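Here is a short briefing to read alongside the model. Keep the sequence and the 3D view open as you go.

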Amino acid sequence: MKTVYKTLKYIFITIISIIILLFIIAEFAENKISQIALNQISKSINSPITINDISFSLLNNFPYATVEFNNFVMGASNQTLTNDTLAIIEKLFVSVKIRPLFNNVFDVKKIEIKDAHFNYKIDKKGTSCYDFIIDTTTIATDTTDTIPSALNLNLEKLEFENVTCWYVDSMNNMKSFFQITDLNVKGEIHDSIMNFNADGDIELSDCHVDSTNLHLMNLTQLHFDIEYINNEIKIDNALLNFDGSKISASGNVVLSDSVYTNLKVSGKDIVIESLLKFSPTEVLDSIGMKYISGLFSFDALINGYYANSVFPRVDANIGFTKGTLLMTNYPALKNIYIKGTATNGKLANNKTTKVDFSSIHFETLKSKADLVIKASNIDKPDFDIKASTKLDLEEFNKYIPDTLIQELKGTLAIKVSTTGQLPDNFDDMFINDIAQISIAQISFSNISAKMDSSLTINNFTGNLNYKPNNIEITSLSGFIPNYNIHLKKLILNSNINGSVTNMEKLAININKLQIITDSCDILAQGTVNNLLAPDYKVQGKIKLNLNEIKTMLPDSIVNSMSGIITTTFYSTAKLNLDSIANQANDIVFTKSRFDIRIEDISLNMPDTLMNVNDLNGRIKYYNDTAMINGLKGDYFGLKFNADSTIITNIYTAAIQNNSKELSIYGNFELGHLDYKWVENFMKKDTTIDEVTSAKKDTSVINFTYKANGKFKINSFKYGKVLFENISTKFLIKPNAYIADNFHIDAFGGNMNLSVKYNVYPNQRSVTWFKTDINKMDIHQLISDFDDFKEYYDPVIRSNQINGIFSSKMDGRVVLNSKYEPYTDSLMLTGDILLEDGALINVQAVKEIETIPGVGLKNLNNLKFSTLKSNLFIYNNNIFIPKTDIYTSSFEASFLGKYSFNGDWDFHIRVLLGQIFSGNVKKRPKEESGFNSDDKGRYLISSYLNGNSKVGLDNKKDRDKMITIVRLNNQGLFALFRPTLVNYITEVK
């Protein structure tokens with residue numbers, strides 16, 4: 001125990017002695033050692049140094065000696081930092097090995113700098129504040145002296161505490177303030193060899209760079225733990241903290257001719273808003289960015305060599321969350337989220353560079369969008385993009401110019417995917433390639449838009465799908481209020497072949513196009529080639545409900561309409577878009593065909609001439625020919641019908657006005673027609689007549705025409721006259737009109753009439769006709785026509801004649817350009833039969849009673865069973881070669897003439913026996929009129945040149961009349977041959 005005590009005692013005494021010794025040595029050697037240190041430092045850095053106080057200690061960092069410098073100043077010797085002062089160090093501790101000091105060797109092991117201030121300035125010429133204190137003017141005269149003293153350091157510790165630095169670069173208009181709060185460095189420096197380890201914290205503030213917003217940067221902190229050995233930098237931890245954002249790095253970097261890196265760099269929750277504030281305001285304004293925020297994160301691995309054309313491999317993960325973006329003229333974006341990766345690939349070059357954004361999401365107040373973007377090969381970028389979005393269109397309404405859309409709302413959902421390679425130029429080939437590899441789906445939901453006052457759409461809902469070479473629309477529905485169209489369904493399926501940028505080689509194949517409204521249906525399919533000069537082929541079916549169509553039309557066009565029109569159609573043509581209006585007729589009439597079915601059509605138009613009711617039928621059109629079957633309706637109360645009707649050369653003759661024949665053949669029928677209807681219709685047509693007369697058509701008609709067929713009217717009423725069962729065959733040609741077998745039931749009998757009407761160049765017209773009248777009531781005929789007093793002063797009125805009238809006659813009349821007859825041209829020949837008739841108060845007959853000695857009585861009421869006459873009209877006279885009258889009391893014959901000027905001359909023969917007995921016992925054997933030798937009496941009744949003559953006849957006058965009748969009959973026969981007149985209508 002005593003031995004231990006003694007040992008401890010000696011050790012303690014020894015330590016105390018050493019301390020005392022060191023203290024004594026330090027006191028005696030302080031000035032010398034301080035001067036050695038000062039000289040060594042001044043020689044090493046070759047700059048002026050002033051020190052306010054130097055102290056020496058062997059105890060502070062034993063086993064090293066420590067020199068303490070107080071108020072160490074580099075540059076101008078001021079106690080405060082000025083423009084000429086490089087540095088002011090309040091405390092500088094330099095620890096060196098003790099033994100080399102005895103040989104005047106300053107071997108530094110530790111340096112501590114506390115509370116130091118540095119200036120680093122560069123003037124406008126690029127000269128730094130350290131340049132002027134370095135002696136560059138010394139000329140070497142001795143090899144030994146020209147080698148400056150090197151500061152060889154083998155530092156166990158280099159410590160900075162509370163060190164600041166002002167950096168000012170006037171040449172580049174830059175400045176900043178650095179502060180080292182704590183920095184520890186361990187290493188060695190021998191000539192060009194430097195190895196060290198450093199860790200510490202540095203703060204950066206008050207940064208200014210001209211034409212930037214760097215002055216907005218808040219305090220930036222850098223923490224690092226770095227080791228540098230043999231040109232290799234090892235980063236155990238480096239952390240940059242600025243404006244709440246952090247970026248860290250770790251790894252190693254080997255410095256040589258090519259730099260090798262193996263680093264991991266990451267950033268977490270980097271505040272984008274704090275970064276963006278450094279961007280120039282004009283740049284943000286140019287892109288319309290008003291505000292952005294969010295957190296950006298990344299981590300990256302950097303591995304490989306860096307040289308002139310070699311880059312290390314970089315693999316990075318990228319993320320962005322909680323983002324918001326406000327742009328001018330666009331809705332604000334929120335909830336922006338981005339997740340992706342980026343790499344320059346195995347070869348670490350442009351070709352293997354790839355980015356993969358697996359999720360890009362953003363929202364507005366009511367809309368959202370998601371994207372997936374992949375891209376590779378910077379030199380020739382390959383891309384793969386998928387996007388989906390759901391847009392509330394009302395949200396974008398205020399960003400669309402009113403000139404385009406005034407109101408917009410609804411939801412639009414879009415899905416798009418495409419892939420490909422970006423070209424050097426966005427040319428037509430690229431657009432076509434994109435069209436071949438892209439897919440799109442668009443869903444419309446309750447979309448309403450108002451483009452202008454003339455077009456509004458409401459509640460459009462449906463889907464549009466695009467895939468390469470195909471466009472499809474499914475179940476599109478909506479309402480167009482301007483036209484009152486309720487679109488229940490629109491379906492489109494079409495294929496696209498060729499180049500979408502070369503309209504000449506683009507072909508569209510419409511597999512199906514269907515448009516369905518409440519009661520209308522349009523179905524079509526076809527092809528279109530060359531959109532610049534479309535060559536199309538289309539066919540389909542259209543069903544239109546006119547009651548619905550009416551709701552689409554303004555009231556100024558139609559008052560009301562109803563019924564169904566169903567049309568099947570086919571059309572093929574090549575269009576010239578510059579003159580499509582001029583092609584319209586050719587397309588409709590020569591390049592198309594139609595089959596139209598009409599069901600219960602009724603039209604009530606402002607132009608009443610277009611009114612029609614209960615229109616039904618079928619119309620086919622093909623090869624410039626229209627075929628009409630079963631077309632019937634009601635026109636202002638008049639029933640009409642057209643059946644088995646064919647119209648040819650509608651376009652090539654009538655519309656083009658070519659020298660071809662427009663041909664119409666058909667069966668036409670009218671119902672019950674009243675002449676009052678015709679008069680009313682003519683009144684309605686007055687305005688058209690006025691316009692027609694005001695616009696005299698001076699165009700030349702080159703085409704000819706022919707219309708023939710059968711025409712029927714159930715009945716026609718003219719005043720009190722009623723014609724029934726009217727039918728005829730007809731033929732109409734330029735300047736020629738023929739009606740054959742014109743049948744009429746009227747006045748208790750019927751009539752068959754044939755008429756031929758020709759117009760000649762001098763505007764004279766000739767009418768031929770033949771009639772076959774069978775058993776008509778002559779009294780009713782004259783009575784119903786009001787005795788024809790509208791046309792002339794009748795000699796015999798309806799109350800003067802009774803009987804059943806039959807006749808067969810042929811005639812001809814010539815009219816002038818005003819359709820007035822030349823009376824001297826009137827020619828007629830035929831027979832008249834009047835049965836069960838009576839002549840009452842006929843002046844020419846009554847006057848026979850005044851003949852003395854004849855004894856004929858009651859001729860004012862002459863009744864007869866048969867009046868048979870053969871007559872003809874020629875040279876303004878009605879000639880009666882023979883007329884036989886059979887009454888119950890006598891028989892008579894007469895011949896003569898009646899002139900159109902009112903004169904007459906009749907010669908009459910009666911049988912006295914019948915007159916005296918008042919009874920007809922038997923008929924004469926011969927009924928040859930005046931050739932008989934019986935004992936009859938011959939009478940005359942005439943009115944010539946205003947002189948009336950009634951009395952007994954004489955043979956001379958009779959023979960003269962016979963001769964006149966015969967000669968006129970021969971003259972008529974020479975000019976008028978009825979058997980040579982044909983009434984051919986070419987109708988079977």
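This is a predicted model: local features need pLDDT of at least 70, side-chain atom pairs count only at pLDDT 80 or more; totals for chains, interfaces and linings use all residues.

The protein contains 13 helices and 44 strands, and 38% of its 988 residues count as buried.

**Overall picture**
- Among contacts in the protein with a separation of 6 or more, 51% join residues 24 or more positions apart.
- The accessible surface comes to about 55700 Å², and carbon and sulfur atoms account for 55% of that area.

**Nonpolar cores**
- The largest nonpolar core has 44 residues, and the members that touch the most others are Leu673, Phe723, Phe747, Leu834 and Phe864.
- Strand β39 (residues 861–874) gives the most to this core, contributing five residues.
- A second, separate core is made of 36 residues, among them Ala116, Ile235, Ile270 and Phe298.
- If you zoom in on Leu673, its contacts beyond the neighbours within four places in sequence are Leu638, Val678, Ile713, Ser715, Phe716 and Lys717.

**Helix α6**
- Helix α6 spans residues 580–590, and Gln583, Ile587 and Phe589 are buried in it.
- An α-helix has 3.6 residues a turn, so residues three or four places apart point the same way.
- The cover over the buried residues of α6 includes the strands β25 (535–545), β26 (560–574), β27 (592–604) and β28 (612–622), along with helix α7 (650–655).

**A closer look at Val814**
- Val814 sits in strand β37 (residues 801–815).
- Val814 counts as buried because its relative accessibility is 2%, under the 20% cut-off.
- Thr767 is 47 residues away from Val814 in sequence, yet their C-alpha atoms are 6.3 Å apart in space.
- Apart from neighbours within four places in sequence, Val814 is in contact with Arg764, Ser765, Val766, Glu820, Pro821, Tyr822 and Ser825.

**Cysteines**
- How many disulfides does a search of the whole structure find? The search finds zero.
- Cys207 is buried, at 5% relative accessible area.
- Cys520 also counts as buried, with a relative accessibility of 5%.

**Salt bridges**
- A search of the whole structure turns up nine salt bridges.
- Lys639 pairs with Asp634 in one of these, with the closest N and O atoms 3.4 Å apart. Lys639 is partly exposed at 44% relative accessible area, whereas Asp634 is buried at 11%.
- Glu986 and Lys733 meet through their side chains in a salt bridge, at 3.9 Å from N to O. Glu986 lies in the segment after α13 (955–975) and Lys733 in strand β33 (residues 721–733), so this pair ties together parts that are 253 residues apart in sequence.
- Both partners are partly exposed: Glu986 has a relative accessible area of 44%, and Lys733 has a relative accessibility of 30%.
- Lys706 joins Lys733 and Glu986 in a network of salt bridges.
- Lys775 and Glu835 form a salt bridge too, with 3.1 Å from N to O. Lys775 belongs to strand β36 (residues 765–777) and Glu835 to strand β38 (residues 821–840), so the pair ties together parts that are 60 residues apart in sequence.
- Lys775 counts as partly exposed at 42% relative accessibility, and Glu835 is partly exposed with a relative accessible area of 21%.

Notes. Residues are numbered from 1 along each chain as its sequence is written. Side-chain values use heavy atoms; hydrogens and water are left out. Helices (H or I, at least four residues) and strands (E, at least two) are DSSP runs, numbered from the N terminus. Buried means under 20% relative accessible area, exposed over 50%, partly exposed in between (1.4 Å probe, protein chains only). Contact means heavy atoms within 4.5 Å. Accessible areas come from the Shrake-Rupley method with a 1.4 Å probe; for residues, only the protein chains shown count as cover. A nonpolar core is a set of buried Ala, Val, Leu, Ile, Met, Phe, Trp, Tyr and Cys residues joined through side-chain atoms within 4.5 Å. A disulfide is a pair of cysteine sulfur atoms within 2.5 Å. A salt bridge is a side-chain nitrogen of Lys or Arg within 4 Å of a carboxyl oxygen of Asp or Glu.
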